[in-house]
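Let's sit down with this one and go through a few side-chain features together. Here it is.

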Amino acid sequence: MGRIHNFLNKFVADKQQKAAPNVEELRADFRARYHNFKLLLSANNKALEIMSTIEQALQGRRSFGMSFIRTSCTAISVNVFRMIRNLTELAPGKYEKLNERFNEIQLRINRLLAEAKPVQDERLVIPLRSINKDMADIVGNKMANLGEIKNRIGLKVPNGFIITSYAYQKFFDENNLLMEINRRFQATDVESMEKLFELSADIHRMIVKAEMPEKLETAILEAYDQLQQEEGKGIRVALRSSAIGEDLTGISFAGQYRSELNISPEHIIHAYKEVVASKYSLPAITYRLSRGYKGEEIAMCVGCLAMIDADAGGVAYSRNPIDLSDNSIFINSVWGLPKPVCDGSVDSDLFVVSREKPMRVVHEDLRMKKQKFVCFPQEGICRMNLTGDAGILPSLNAEQACALAEIAVKLEAYYLSPQDIEWAIAKDGSSYVLQSRTLQQTEKVQRDYSKEFAKSASETIIAKGGITASPGAASGSVFLVERGVDFLQFPEGAILVTRQALPRWASLLNRAVAVVTEQGGFAGHLANVAREFGVPALFGVYGIMDKLKNGDAITVDAVGLAIYKGRIDSLVLDSKVSQKKRLKEGSPLYDTLQEISRYVVPLNLLDPDAPDFNPGRCQTFHDITRFVHEKSVQEMFNFGRDHNFSERSSKQLFYDVPMNWWILNLDDGFKQEVDGKYVRLENIDSIPMLALWEGITAVPWEGPPPIDGKGLMSVMFRATTNKALTPGVRSQYAERNYFMISKNFCSLTSRLGFHFSMIETLVGDRPRENYISFHFKGGAADYERRLKRVLFVGDILEENGFKIDIKEDNLIARLENLEKSLMVKQLKMLGYLTIHTRQLDMIMAKDESVNYYRSKLKEDIQNIIKSVEAID
């Protein structure tokens, strides 16, 4: 018998020895797990930061281009993939479905990011006589319109040909330009004007130095030879931009691209490159960023047109651009080429023609035209000074003005919309249309000036007069712009004051609140863009540069044609012009980001205890991050239990509170290792956990608030219909509140009755790494009361600097990049809210109860923060 007893003892001992884990191996395994867990948390934070920047972009709170979209998609994809890989290291083979869902979401995003479809028409050049408006994707909108005007409407248009979008594509492809340009955009801070200026200059050099494909160069020169046969040997040409999307309604790109005038045959190829490179000029880049256009989808077609030796030129509007009710035709005119009218470099004559038959000039405003632009065969385009009476003579007679008005009305009738027309009258008296696009109109701003206002304003007036180029009023600080260095230093929210209304200043309109110039009229490119952006613009205020200095606080009233000292609220507040947006909703770029965000930002997996909280239900990258984060916490907690490893098993907090709190020490969260089941508070060395705990215990909980009959019925109904929330149902989170800690890290997952909350935080000496993430959901009351409760909590958090996001009865809040002492204060507040907001959903139907608890919570929070400050 004794032998049998000894044998059994030895057998059991041997078995236990074989089954006993190797402590060093378990420690190494846990260290590896903890390393993967930290990498997972880092990737999770980066993914959430990217989601936040995407939301900011969609809300118009930051500028962005296609490079931002691509970079954001790549970065979030990389970080979500890393999270999946790290979770796989924690639990090999357990969550394989995640990879499948990740790949499906990634495929959908990739489809949205796909490059534009290749151009189907492979002609490199097309003569203008073969062009119509249906060919905008081949020759660009500007040249498609000119072809329509020439070939179908029958108006005079200069002869020429178009270098197509396919030619542009071949030029870029053979020099690998698009990939290199995209790479440089991704490396550039598009919020910095100085960086954009450097980028623009860099890309310009790259394009101009690129080799022209031999077939393309041959095609261009052969087309020019054909034009010589039709127009005369050595004919000079104008190369004009005709980008895809240019001259569309509300998105004109007015003056943002380059035109090369009076070009000889030996310089055509270089001029073509210059026009193409102007797609990346600083004005064009900033315009696209502000209006939401994808740069890579804008092919730059180029029109090559015979030069018109113009006697007079200008711009005609078939209606009043700043008054929808005025159907008069407005004609701006100068001697020579129309260039100075378009670029606002000289003052122009204005002729207003009535629409009623017979047409007649009902108003004319003749200006001193000191210069005119003319073509000299050997010298390109030259300014020619006008002397004597030549400058004051009208650049058009009444017959010519009425003939131009007839053209404007004819084009408006054909296109069924008001038109903005560039024109020229040749030496033989023929009128040519050089461009026609939809006119950007605004409503007339009516403003009644009271006697009291007139009296008080007269004491602060700086200047009167000028022309309303874009209606509205605005206040701000003056910033004088004359040189390129001024351009780069222009501050956000300033008033742009300059001598000439040049198109280059359009780059500043997404920063400026108003524009004032000494020269220029409402027909120039800058005026057009100002109206598009809704920026008040007052042009033609002579001598204003000498009356103002940088930093002067002024109010510009573009409707009342006046500039005042200081801020006049009655003018600014009464202005009916809506504030401009950095990015227009409905633009191609905005739509792309919005579509992509559908697969990135929304969070659908809200309740970790719900049956549908599984990989197969992940619809977005946010869902995947939520699922991975939740499961990683569980896997870390389960390690000690699954491996019978007490050293890395969770410990119950030994503290006089009526709840169970369990703590897992990830690394250095305890002052000393604990062998037993319990850990005392004095042994905790985690900065964020101690801060949370101080908030949790700072004010004793008074118990649940009084519930009326409806509130009680709501609770009972909630408990019977949602079994997942019933405390009697077995659940990981119904029984315990979990802390995972290290010296600077803490993750708290808490289930207090019907309420689920999760806090994750990192608090250290490097503010850039510090963050708090708070997730709150649940409640026993009906949906309406639960929603009111999360709104109630969200308001408190937002007042304390948190960024919040609410979906149904689910609240997510985040705080980042604060000093350690400030993070500690916020954690104490959050610990307090975790305890004291439970069951408040049951009283959310009563305003008096809501007001009482709002006041109480705010008072308690102030006292908690004051106590922290007193200790500091």
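**Cysteines and rings**

A: Start with the cysteines: the structure holds zero disulfides (cysteine sulfur pairs within 2.5 Å). This is a predicted model, where local features need pLDDT of at least 70, side-chain atom pairs count only at pLDDT 80 or more, and totals for chains, interfaces and linings use all residues. Residues are numbered from 1 along each chain as its sequence is written, and side-chain values use heavy atoms, with hydrogens and water left out.

Q: Is Cys301 buried or exposed, and what about Cys342?

A: Buried means under 20% relative accessible area, exposed over 50%, and partly exposed in between, using a 1.4 Å probe and protein chains only. Cys301 is buried at 0%, and Cys342 is buried too, at 8%.

Q: How many aromatic pairs are there?

A: Rings of Phe, Tyr and Trp (its six-membered ring) pair if their centres lie within 6.5 Å; planes under 30 degrees apart are stacked, over 60 edge-to-face, the rest tilted. That gives 16 aromatic pairs here. Take Phe37 and Phe745: their ring centres are 6.2 Å apart and the planes sit at 80°, so this pair is edge-to-face.

Q: Where in the chain do Phe37 and Phe745 lie?

A: Helices (H or I, at least four residues) and strands (E, at least two) are DSSP runs numbered from the N terminus. Phe37 is in helix α2 (residues 23-58) and Phe745 in strand β26 (residues 745-752), so the pair links distant parts of the chain, 708 residues apart. Both residues, Phe37 and Phe745, are buried.
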